[in-house]
Amino acid sequence: MRAMLAALRPYLSDNEFRGVDEIATRMGFAPRHRWLLRQWLRALAEVGSVEGDVDTGYRYLRPVPDPIRADLFEVCADLGYPPPLATFLRTCDDHLTALARDTVRVQELLFPDGDMTTAEAAYRDNLSSRYLNLAAGRAVADLVRILTEDRSPVRVLELGAGIGGTTDDVTAALAGLAVEYHFTDVSAFFLDAARRRFAHYPWMRYGLVDMNEDLGEQLPFDIVIAANVLHNAYDIGVTLRRLRELLNPGGAVVVIETCHAHCEQLTSVHFLMSPRADRPHAGLTDVRAGTDRIFLTEREWRRELIAAGLTPEVVLPTAEHPVAGLDQRVFLAVRDR
């Protein structure tokens with residue numbers, strides 16, 4: 001929040017309320033990122049640093065309160081996140097105005113020179129991701145063992161597989177089982193890296209799949225894995241219904257999702273979620289429409305899964321688990337007959 005305020009302070013008045021569009025114009029905020037500007041202003045209003053709302057505009061009040069703990073690297077280490085992630089978050093804060101203006105792209109900071117170390121720190125090499133990915137791997141392996149009683153091989157589709165953080169644990173859990181695993185993403189960059197990373201698995205297949213465009217063209221699968229990707233759906237309810245139609249009887253989806261946007265995401269990885277400047281979509285049409293939200297709450301995920309004909313049988317971690325406070329969940333939901 002201190003980085004947000006530092007970026008916005010030159011364009012906020014101490015006296016008059018300025019509208020979001022005026023602040024954005026003065027700052028040179030890229031149109032595709034302006035939903036983030038509204039999120040920043042709401043977050044700063046909640047801590048009393050600015051006053052106002054998206055209808056009346058905002059004015060500056062006071063600095064952001066001092067954090068309970070100021071050392072980002074120590075906090076990341078305590079939460080099980082390695083130093084490259086802290087470096088990435090700090091670098092995003094230092095380049096926040098450039099990110100907002102689209103003169104620096106967050107991909108350049110997350111994948112410097114094509115290196116995946118920082119992305120692996122965010123999506124694999126940390127306490128929460130290790131827990132979720134291991135849980136997903138065990139859930140998929142258990143499902144495969146059940147399904148192989150009447151079909152072989154079991155067909156598995158992973159959507160938006162990205163750097164393969166979840167794939168690592170799932171494929172390790174599937175060793176010795178009869179599967180055909182389809183690793184898919186919207187980017188050939190990730191497919192090329194995956195072919196090298198998983199070359200020792202003869203049952204791996206690779207392909208480009210856009211869940212917003214291509215699900216109707218896929219052959220049936222028994223299990224669909226979607227780790228940190230379904231929030232990119234234009235309409236989550238529609239996408240879940242398409243996934244249910246894609247599943248064979250007895251099939252299931254295994255979903256990993258964040259259920260609350262913390263502030264460090266609003267100044268870093270959320271830039272990845274803005275529509276492309278050359279291909280803006282019409283906007284979200286589900287429960288998030290008009291809210292600037294990206295993530296659903298756990299309750300909303302349960303409701304959307306059930307409405308789509310997918311029964312949540314496992315949701316982890318439970319409320320009392322130590323990693324529950326990081327607000328990420330793994331859902332295993334079975335297709336209704």
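I started with Leu 215, which is buried at a relative accessible area of 4%. (Buried means under 20% relative accessible area, exposed over 50%, partly exposed in between, with a 1.4 Å probe and protein chains only.) The model is predicted, so I noted that local features need pLDDT of at least 70 and side-chain atom pairs pLDDT 80 or more, while totals for chains, interfaces and linings use all residues. Residues are numbered from 1 along each chain as its sequence is written, and side-chain values use heavy atoms, without hydrogens and water.

**Around Leu 215**

I placed Leu 215 in the loop between strand 5 and strand 6 (221-227). (Helices, H or I of at least four residues, and strands, E of at least two, are DSSP runs numbered from the N terminus.) Which residues does Leu 215 touch, leaving aside its neighbours within four places in sequence? I listed Leu 159, Asp 210, Thr 239, Arg 242, Leu 243 and Leu 246. (Contact means heavy atoms within 4.5 Å.) I also checked Leu 243, 28 residues away along the chain: its C-alpha atom is 7.4 Å from that of Leu 215.

**Aromatic rings**

I looked for ring pairs next. (Rings of Phe, Tyr and Trp, the last by its six-membered ring, pair if their centres lie within 6.5 Å; planes under 30 degrees apart are stacked, over 60 edge-to-face, the rest tilted.) The count is 11 aromatic pairs. I picked out Phe 183 and Tyr 206, a tilted pair because the planes stand at 55°, with centres 6.0 Å apart. Phe 183 lies in strand 4 (residues 179-185) and Tyr 206 in strand 5 (residues 204-208), so the pair ties together parts 23 residues apart in sequence. Phe 183 is buried at 0% relative accessibility. Tyr 206 is partly exposed at 23%.

**Charges over rings**

I found the charged end of Arg 9 over the ring of Tyr 60, 3.7 Å from its centre. (The rule asks for NZ of Lys or CZ of Arg within 6 Å of the ring centre and within 35 degrees of the ring normal.) The charged end of Arg 155 sits over the ring of Phe 221, 4.2 Å from its centre.

**Lining of helix 9**

I ended with helix 9 (127-147), which supplies at least two residues to the lining of the second largest pocket. (A pocket is an open set of points on a 1 Å grid over the protein atoms alone, where a 1.4 Å probe fits, with protein on both sides within 12 Å along at least five of seven lines; lining residues have an atom within 4 Å of a point.) Helix 9 gives the largest share, eight residues.
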